[in-house]
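Some labels in a structure description rest on simple cut-offs. The questions below ask what stands behind each label.

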Amino acid sequence: MSKKQYNINEYNKKRNFNATNEPKATEKKSGSQNRFSFQKHGASSLHYDFRLEYDGVLKSWAIPKGPSIDKRTKRLAIRTEDHPLDYIDFEGVIPEGNYGAGKVLLWDKGTYENITQEDGNIQDLGKAIDNGHFLVKLAGEKISGGYAMTRINDDKGQWLLVKMDDDEADGRRNPTSTEPKSVKSGKTLEEIQ
Ligand code: MN
């Protein structure tokens, strides 16, 4: 088992809510929707935060290069602490000196379907994450179709995100470079304030 903590207490511990506009995690909400988002985050190093709504929180990974829609491309994803549901469409500036300081843009949003199977049945997503492998079908504005997430190093929280081979796979498109704008405000990261 990983020694790392990924729960919502860890989220609050890292942040000073007098200094950042990010939502504070209060009691866990009972979430039954299956929303996902990618947030482009201009922190000390640029990355895309991948968030999946599950059991009242957002399961989260930081993906340095963001999602690819080319099935031949593997993208490193670093597991981060669970975020509160209200974070799913957060956009704004995390001030200097705070955890994750920098601009955040809602790069994509939509819903997902857990398609992880075990013995011919859909496996619970939380269990699949704990086991280090899951499959989701995304229906976003920029990103859609199946994605596989596989843990490669538990101690470092390292996973790989790979596009599954389906109709939405396309080696010619690269939306992280050609579609940089927010799906919430239409702004680029530079324009966020
Ligand atoms: Mn981030």
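Two strands pair if DSSP finds at least two bridges between them. Strands (E, at least two residues) are DSSP runs, numbered from the N terminus. This is a predicted model, in which local features need pLDDT of at least 70, side-chain atom pairs count only at pLDDT 80 or more, and totals for chains, interfaces and linings use all residues. Residues are numbered from 1 along each chain as its sequence is written, and side-chain values use heavy atoms, with hydrogens and water left out.

Q: How do you know that strand 4 and strand 11 pair?
A: Pairing takes at least two bridges. Strand 4 (residues 74–84) and strand 11 (residues 158–163) have five, in the antiparallel sense. K74 stands opposite V162 in strand 11.

Q: What makes strand 10 and strand 11 a pair?
A: Six bridges join strand 10 (residues 144–153) to strand 11, again in the antiparallel sense. At one of the bridges, N153 has Q158 of strand 11 as its partner. The two strands form a hairpin with four residues between them. In the turn, G157 has a positive phi of about 65 degrees.

Q: What makes H41, H47 and D49 the residues that coordinate the manganese ion?
A: Donors are N, O and S atoms within 2.8 Å of the metal (3.2 Å for Na, K and Ca). Here ND1 of H41, NE2 of H47 and OD of D49 lie at 2.1 to 2.3 Å. Their spacing in sequence is H-x5-H-x1-D. Water is not among the atoms, so the site may look incomplete.

Q: Why is the pair of F36 and F38 called edge-to-face?
A: Rings of Phe, Tyr and Trp (its six-membered ring) pair if their centres lie within 6.5 Å; planes under 30 degrees apart count as stacked, over 60 as edge-to-face and the rest as tilted. A search of the whole structure finds 11 aromatic pairs. The centres of F36 and F38 are 5.9 Å apart and their planes stand at 80 degrees, so this pair is edge-to-face. Both residues are buried.

Q: Why is the pair of Y87 and F90 called tilted?
A: Their centres are 5.1 Å apart and their planes stand at 40 degrees, so the pair is tilted. Y87 is buried at 3% relative accessibility, and F90 is buried at 9%.

Note on methods: Buried means under 20% relative accessible area, exposed over 50%, partly exposed in between (1.4 Å probe, protein chains only).
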